[in-house]
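Subject: Structure handover and notes

Dear colleague,

I am passing on the structure below, together with some notes on what was found in it. Please read the notes with the structure open beside them.

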Amino acid sequence: MRVLGIETSCDETAVAVVEDGRHVRSNLIASQEHLHEKFGGVVPEVASRAHLENINPLITEALVEAGMWVAEVDAVAVTVGPGLVGALLVGIACAKAVAMALGVPFVGVNHLEGHIYANVLEHGPIEEPFVSFIVSGGHTMLVHVPEPHVYELLGQTLDDAAGEAFDKVARFIGLGFPGGPELDRLARTGDPHAVRFPRAAADRGYDFSLSGLKTAVVRHVKAERARGHEVSPDDLAASFQEAVVEVQVDKTIAAAKDKGVGMIVLGGGVVANTRLRELMASRAGAEGFEVLIPPPELCTDNAAMIACAGYYRLVEGERTPLEVSASPGLQLA
Ligand SMILES: Nc1ncnc2c1ncn2[C@@H]1O[C@H](COP(=O)(O)OP(=O)(O)OP(=O)(O)O)[C@@H](O)[C@H]1O
Ligand SMILES: [Mg+2]
């Protein structure tokens, strides 16, 4: 089954063709980062307009790259939430139009489930039960997945999502937007033990909090400057990153032990972070867990993960009525 996947929940217009939930025939992204950079964040109206301009040519390109006629599409999967309402609506309208014109099945996909299914594209079908750590621009959450499509929320962020915190700290040290990837690069030449930042919300069960850490970074820089000291951006980036990642790894492993599962599955844009990948693989691996991590390009938003997640719902017979609309606040659990 060849599924056309469409993803427009935030600032990436993405279209993919995935065969049988595993083989990526094409996976294209028209990034709008340059449009939002001067605002230091995503502007919803700008995102919607750019999706409108990008989506049709991108669908054509994705089909050409997959070597297919549009009539060879067997089903359409689209992100219906969570995300920006105007942005989601562009992808949904387009997906409905294609499904209706071709008379093929149509399914709405939860973007966060898509982040989990990015793993299937790389590692093949995943067997439940497992604990998943989803960490992205808008989310930080630990979920227990006892069986297919059942999500039990264990904990989430009480304030900033990790990606958001990475972006804010990156901006504070003068990096571009989104700053997460650049901060990651900078941290590679820094000393993670240069500054001992607080391990935030260590006592809050499976919940996370990053606003205090963010403030600690700003305070540290101001205090050092007041003393006439130069702050090394590399050390700052590495120390901040270590403080974020250590707590994430600790809590994920604790949750997996607590739930008695043997597998940990990561998903979301921040999973592209080098240190998170490294520390989770080594620490959880040493504790005997199997750890699934998508390749970096499938961690950040893409439509292949949506086509894949959609495929698994379609083969179970699930269909979404064409009346469906965007669900900006759609929950996973
Ligand atoms: N290497 C990296 N290190 C740290 N953060 C990163 C890295 N690569 C990407 N990010 C961060 O990941 C976020 C983007 O993730 P993703 O594409 O999943 O976000 P989103 O779709 O906007 O959010 P959500 O999935 O919650 O709706 C950004 O905040 C970005 O800075
Ligand atoms: Mg995302």
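Strand 6 and strand 7 run antiparallel and are joined by 6 bridges, where strands are DSSP runs of E of at least two residues, helices are DSSP runs of H or I of at least four residues, both numbered from the N terminus, and two strands pair if DSSP finds at least two bridges between them. This is a predicted model, in which local features need pLDDT of at least 70 and side-chain atom pairs count only at pLDDT 80 or more, while totals for chains, interfaces and linings use all residues. Residues are numbered from 1 along each chain as its sequence is written, and chains are lettered from A and ligands numbered from 1 in the order in which they are written.

Ile264 touches Phe130, Val131 and Phe133, among others, when residues up to four places away in sequence are not counted; contact here requires C-beta atoms, placed from the backbone, within 7 Å. Ile264 is also one of the residues that touch the most other members of the largest nonpolar core, which has 111 residues, such a core being a set of buried Ala, Val, Leu, Ile, Met, Phe, Trp, Tyr and Cys residues joined through C-beta atoms within 7 Å. Helix 8 (residues 233-259) gives the largest share of this core, 12 residues. Because domain 1 (2-116 + 299-314) and domain 2 (128-294) both contribute residues, the core lies between them; the domain bounds come from an automatic or database domain assignment.

Ala304, Ala307 and Cys308 are likewise among the core residues that touch the most other members, and these three are buried residues of helix 11. Since 11 of the 11 residues of helix 11 (residues 304-314) are buried, this helix is largely enclosed by the rest of the structure.

Turning to the ligand, 23 residues surround ligand 1, the closest being Gly137, Gly138, Gly163, Gly180 and Gly269, where a residue counts as near if its C-beta atom, placed from the backbone, lies within 6 Å. Helix 5 (162-172) and helix 6 (180-187) are the elements that give two or more residues to this shell, and domain 1 and domain 2 each supply at least three.

Some backbone details deserve a look. The peptide bond from Phe177 to Pro178 is cis, with omega near -10 degrees, and Pro178 lies in the loop between helix 5 and helix 6. The bond from Gly81 to Pro82 is also cis, with omega near -10 degrees. Asp20, in the loop between strand 2 (12-19) and strand 3 (23-31), has a positive phi near 50 degrees and is exposed, with 12 other C-beta atoms within 10 Å.

Best regards

Definitions and conventions: A residue is buried if 20 or more other C-beta atoms lie within 10 Å of its own, exposed if 12 or fewer, and partly exposed in between; C-beta atoms are placed from the backbone. Two residues are in contact if their C-beta atoms, placed from the backbone, lie within 7 Å.
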